[in-house]
Amino acid sequence: MTVALSLSGISVRFNGSRILDSVDLEIAQGEWLGIIGPNGAGKTTLLRAITGAVEFEGSVTIEGNRSSTLKRRDLARSVALVPQHPVLPPGMRVVDYVLLGRTPHVHAVTGPSHHDLDVVARTLEALTLSAFTDRDVTTLSGGELQRAVIARALAQESQILLLDEPTTALDIGKQQEVLELVDRLRKDRTLTVVSAMHDLTIAAQFPDRLVMLAEGRVVAEGDGRTVLDPVLIRDHYSADVRILDDGSGGIVVVPLRSQEPMSDSKN
Amino acid sequence: MKGEEIRPSRLRWWWLVGAFATLTVAGLVAILMGAVDLDARSVLLSVVDRLPFVDVDSGLNGRQEAILWELRMPRVALGGIVGAMLAAAGGSYQGSFRNPLADPYLLGAAAGAGLGATIAIAYGASLPSTPIDALPLLAFIGGVGGVAATYAIGYSVKAGRTPVTLILAGVAVAAFLTAVQTYLQQRNAETLREVYGWILGRLSTVGWGEVWLVLPYVVASTVVILLGARRLDVLSVGDDEAVTLGVDPSRVRLVMVLAATLGTAAVVAVSGLIGFVGIIVPHAVRIVFGSSYRVVLPLSIVFGAAFLILADLLARTIASPAEIPIGVVTAFFGAPFFAIVLRSSRGLGS
């Protein structure tokens with residue numbers, strides 16, 4: 001197994017409070033790791049630490065190099081992020097938006113090369129955005145927009161793709177579409193994928209392996225059946241769930257309503 | 001799909017040709033019109049006459065020659081330079097702060113320059129003599145000092161620092177410097193009119209001294225701004241995402257703001273405070289040609305020059321022989337435009 005990404009003792013403090021507390025993880029090349037955990041567990045912060053957008057203690061090693069020794073530009077060639085709430089510049093067209101993904105490759109003065117434009121064109125096609133190239137990004141529907149944001153990340157041609165809750169704003173059909181797309185791209189391009197995920201059933205279906213974060217610490221790690229445990233979920237999400245077989249080898253996480261509505265079932 | 005089939009935003013050469021044609025027409029009209037009208041043929045001959053090894057009779061008398069070469073032309077050149085710089089600086093600030101309403105005076109440059117100019121006008125007689133006039137010197141120092149103070153305060157904020165922090169620091173600095181400036185102005189009521197005239201902006205100039213004084217700053221500043229255009233496009237997706245694309249947002253912002261500030265302080269030193277150019281020109285360009293800074297910045301420079309030349313033409317001809325402050329002209333057209341932009345903009349910094 002080739003290790004694509006290795007995190008060692010990652011801690012992040014913000015205004016004195018500890019957001020992440022010595023997180024250790026190793027992710028193999030071509031693996032899809034899902035990060036789950038309740039709101040505020042530190043999922044987004046962990047992804048931001050990998051991209052260098054937040055200061056941290058510990059070390060992030062990317063394809064053998066410590067991220068702190070990499071130039072920002074080189075780091076961006078190795079790691080791309082699909083943010084949960086992308087900032088959409090009014091008036092920017094889809095083609096220009098996806099071309100931004102070439103920033104770590106494009107010469108700042110002479111501009112994009114033929115190769116850069118080819119990569120953008122191929123990426124637009126791969127994500128069925130060819131018909132949208134001249135559309136203002138702020139006018140796209142949820143599914144189109146998510147494809148555009150993923151296209152921008154893919155245009156970076158980095159081997160590690162980070163996705164921060166990539167399907168939160170999408171309906172169930174678009175969720176499947178986007179995640180199948182990510183999975184297909186991962187296999188075609190042997191990308192290493194790390195995604196923060198909200199929906200536990202979907203988290204059980206797509207990633208190879210799951211990590212549960214709570215209060216900045218890794219509290220469980222393993223395959224879906226190991227991590228998606230009713231006791232763990234009750235302890236960390238304060239939720240009562242039942243884990244069911246989906247009939248084809250997978251599992252489904254179903255929230256249960258307590259027998260007495262409104263009563264305190266958290267303890 | 002191939003690379004040739006996609007059309008990313010870029011500056012089309014014919015846009016640039018159109019912009020320069022507009023500038024040329026504006027410049028010619030402004031040279032020909034004024035209290036003394038000059039005819040185009042004579043002006044052309046006079047220009048040809050100044051070429052090396054050419055000797056033609058332009059038909060202009062000595063006084064007309066002087067008006068053309070020592071009043072009209074330097075004034076038009078200065079108008080073009082100031083307009084180009086203010087428009088470029090406005091675009092640079094708007095991109096750096098992702099704020100469509102940012103202008104070159106945002107971070108205390110105007111208030112600082114105003115204070116410097118007021119000191120020069122009110123106490124000019126008692127100041128030590130300097131190689132260049134005290135007024136542009138102190139206005140320049142004041143403008144740069146205002147922005148430096150804003151940056152110092154903005155950077156002293158430890159937690160939760162955002163581009164908005166810097167803008168708020170600018171508000172504080174500007175308020176303070178304006179208070180000092182107003183106090184000095186009231187204490188020296190006899191120079192009130194002169195201070196007031198400077199604050200509203202004026203391009204009245206005799207000879208080429210001021211043109212050569214500001215040109216190096218403006219060239220250096222606009223070159224840096226133009227080279228940073230692509231980086232500003234990256235910044236438009238926000239600081240966090242810019243980092244993941246391999247760009248250091250605070251460094252880009254520092255370089256772009258520094259360049260814009262130096263250029264702005266230089267032109268403010270010779271022209272006073274001419275408002276709205278830095279907002280309306282980049283916005284008009286954005287609406288017509290698209291929002292990429294690789295398009296907005298170069299075209300704003302050329303159209304900004306044309307706009308201010310025409311505004312100055314109005315300023316000196318509407319109430320001829322009296323002059324209206326050019327700031328009044330730009331604001332008269334700028335304020336309604338600004339209101340329209342405000343109505344259609346999608347909210348600050350979004």
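Residues are numbered from 1 along each chain as its sequence is written, and chains are lettered from A and ligands numbered from 1 in the order in which they are written. In this predicted model local features need pLDDT of at least 70 and side-chain atom pairs count only at pLDDT 80 or more, while totals for chains, interfaces and linings use all residues.

Student: How many helices and strands does chain A have?
Tutor: Helices (H or I, at least four residues) and strands (E, at least two) are DSSP runs, numbered from the N terminus. Counted in this way, the secondary structure of chain A comes to nine helices and 12 strands.

Student: What is the radius of gyration of chain A?
Tutor: The radius is taken over C-alpha atoms, and the globule rule is 2.2 Å times the number of residues to the power 0.38. For 267 residues that rule gives 18 Å, and the value for chain A is close to this, so the chain is as compact as a globular protein of that length. The radius of gyration of chain A is 19 Å.

Student: In which order do the six strands of the open sheet in chain A stand?
Tutor: Two strands pair if DSSP finds at least two bridges between them. The pairing in this sheet is mixed. The order is β6-β7-β8-β3-β9-β10.

Student: Why is one side of β6 and of β10 in chain A left without a neighbour in the sheet?
Tutor: Strands of a sheet pair through backbone hydrogen bonds, either parallel or antiparallel. β6 and β10 (217-222) of chain A stand at the edges, so each has a single partner strand.

Student: Do β7 and β8 of chain A run parallel or antiparallel?
Tutor: Strand β7 covers residues 160-164 of chain A, and β8 covers residues 192-196. Five bridges join the two, and A:Leu162 has A:Val194 in β8(A) as its bridge partner. These strands run parallel.

Student: Which residue takes a positive phi in the hairpin of β9(A) and β10(A)?
Tutor: Strand β9 (residues 209-214) of chain A is joined to β10(A) by five bridges, and the two run antiparallel. In β10(A), A:Ala220 is the bridge partner of A:Met212. The hairpin has two residues between the strands, and the positive phi, near 50°, belongs to A:Glu215.

Student: Which residues is A:Gln175 in contact with, leaving aside its neighbours within four places in sequence?
Tutor: A:Gln175 is found in helix α6 (residues 172-189) of chain A. Two residues are in contact if their C-beta atoms, placed from the backbone, lie within 7 Å. By that rule the partners are A:Thr167, A:Leu170 and A:Ile202.

Student: Is A:Gln175 buried, exposed or partly exposed?
Tutor: A residue is buried if 20 or more other C-beta atoms lie within 10 Å of its own, exposed if 12 or fewer, and partly exposed in between, with C-beta atoms placed from the backbone. A:Gln175 has 19 such atoms within 10 Å, so the residue is partly exposed.

Student: Which element gives the most to the side of chain A that touches chain B?
Tutor: The contact takes 37 residues from chain A and 28 residues from chain B. The elements that give two or more residues to the side of chain A are α2 (72-78), β6 (79-82), α3 (94-99) and α4 (114-126). With eight residues, the one that gives the most is α4(A).
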